[in-house]
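Please open the model in a viewer and keep the selection tool at hand.

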Amino acid sequence: MHLNGMKVIQDALAAVSQRIRTACQRAGRSEQDVSLIAVTKGVAGQRMVDLPALGISRVGESRVQELLAKQKLLDAALEWHFIGKLQTNKVRSLINRVQLIHSLDRSELAHEISIRSVEANATTSVLLQINCLEAEERNGIPFGDALRFLEQTSKLPGIRITGLMTIAPQGDEAIVRPVFRRLYELRNKIDEEKLPGVKLEHLSMGMSEDFEIAIEEGATLIRVGSALFGPRSR
Ligand SMILES: *Cc1c(COP(=O)(O)O)cnc(C)c1O
């Protein structure tokens, strides 16, 4: 039934995989160190049934309701990542349901994740979403506040910070590359601080338009939607 749609995704995945391979070669990195997260927001659950068979094991969603509805439909063959703006009143329903929340961007949210995780006897892994371009009004913790935020948040129970995430502005390489490089350098700087219990293994950066640059700048998780599933209607 899905054979046609499956072929389209399979071809797109082959193209994306080739782009990943080339970027890794250019950067002298191992492909194993870069994980593809297929961003399935706006993709119907029915279209996602065949993803595991194609070799896609990680999906990213940006709306809690959509994620929960799809989890009901699809089995445990997929690893779920939450990548969108997260409202505090939705936190509870995500606990124990996602591998990683990429978008921790404010301390109110950190406290809520902590409280709900402890309540559920869980530890929730998160990335700090960083705004690398402070001049612009964007989502994310301002670059200059990252260390202080991390120091405070890493003390909370039930929450484990495993890396950093950023979204680059749309634009050419001259704009995008420095953003990714800043995140990489921030990670190294934080590592040097040797904060107790903090080990930042992940850099989540790069989307359909710019993931090769992100890989060259050290991304370990890339979030790719439209290059796999075509343009979104929203
Ligand atoms: C939608 C989205 C993506 C994927 O974007 P594409 O350009 O379709 O690859 C990646 N990250 C976040 C946070 C998103 O919201």
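Select arginine 19 and glutamate 212 in this predicted model. Their side chains meet in a salt bridge, with N and O 2.8 Å apart. Arginine 19 belongs to helix H1 and glutamate 212 to helix H9 (residues 211-216), so this pair ties together parts that lie 193 residues apart in sequence. With a relative accessibility of 25%, arginine 19 counts as partly exposed.

Next, select arginine 26 and glutamate 216, which form a salt bridge whose closest N and O atoms are 2.7 Å apart. Here arginine 26 lies in helix H1 and glutamate 216 in helix H9, so the pair ties together parts that are 190 residues apart in sequence. Is arginine 26 buried or exposed? Arginine 26 has a relative accessible area of 53% and is exposed, because the cut-off for that class is over 50%. Glutamate 216, at 26%, is partly exposed.

Turn now to arginine 58 and glutamate 79, whose side chains meet in a salt bridge at 3.6 Å, N to O. Arginine 58 is in strand E2 (residues 58-61) and glutamate 79 is in strand E3 (residues 79-82), so the pair ties together parts 21 residues apart in sequence. Arginine 58 counts as partly exposed at 24% relative accessibility, and glutamate 79 likewise counts as partly exposed, at 26%.

Across the whole structure, a search finds 18 salt bridges.

The tour continues with empty space. Rolling a probe the size of a water molecule over the atoms shows where such space is left.

The largest pocket holds about 620 Å³ of space. Which residues are the closest to its centre? Select Lys41, Ile167, Ala168, Met207 and Arg223; these are the closest of the 29 residues that line the largest pocket. Then colour helix H8 (173-193) and strand E9 (221-224), each of which supplies at least two residues of that lining. By type, the lining of the largest pocket comprises 10 nonpolar, 9 polar and 10 charged residues.

Proceed to the second largest pocket, with a volume of about 240 Å³. It is lined by 14 residues, and those closest to its centre are Ser17, Ile20, Val34, Ser35 and Leu36. Helix H1 (3-27) and strand E1 (35-39) each contribute at least two residues to the lining of this pocket. H1 gives the most, with 4 residues. The lining of the second largest pocket divides into 6 nonpolar, 5 polar and 3 charged residues.

The last stop is a cavity. How many cavities of 30 Å³ or more are there? The count comes to 1, and about 60 Å³ of space lies in the largest cavity. To display its lining, select Gln129, Ile130, Asn131, Cys132, Leu133, Arg138, Asn139, Thr166, Ile167, Pro169 and Val179. Strand E5 (residues 124-131) provides the largest share of this lining, 3 residues. The residues lining the largest cavity divide into 6 nonpolar, 4 polar and 1 charged.

How values were computed:
Residues numbered from 1 in each chain as written. Predicted model: local features only at pLDDT ≥ 70, side-chain atom pairs only at ≥ 80, totals over all residues. Heavy atoms only, no water. 1 Å grid on protein atoms, 1.4 Å probe; cavity = no way out; pocket = protein on both sides within 12 Å on 5 of 7 lines; lining within 4 Å. Points joined across faces, edges and corners; volume = space filled by probe spheres on them. Nonpolar A, V, L, I, M, F, W, Y, C, P; charged D, E, K, R; others polar. Salt bridge = Lys/Arg side-chain N within 4 Å of Asp/Glu carboxyl O. Buried < 20%, exposed > 50% of the residue type's maximum accessible area, 1.4 Å probe, protein only.
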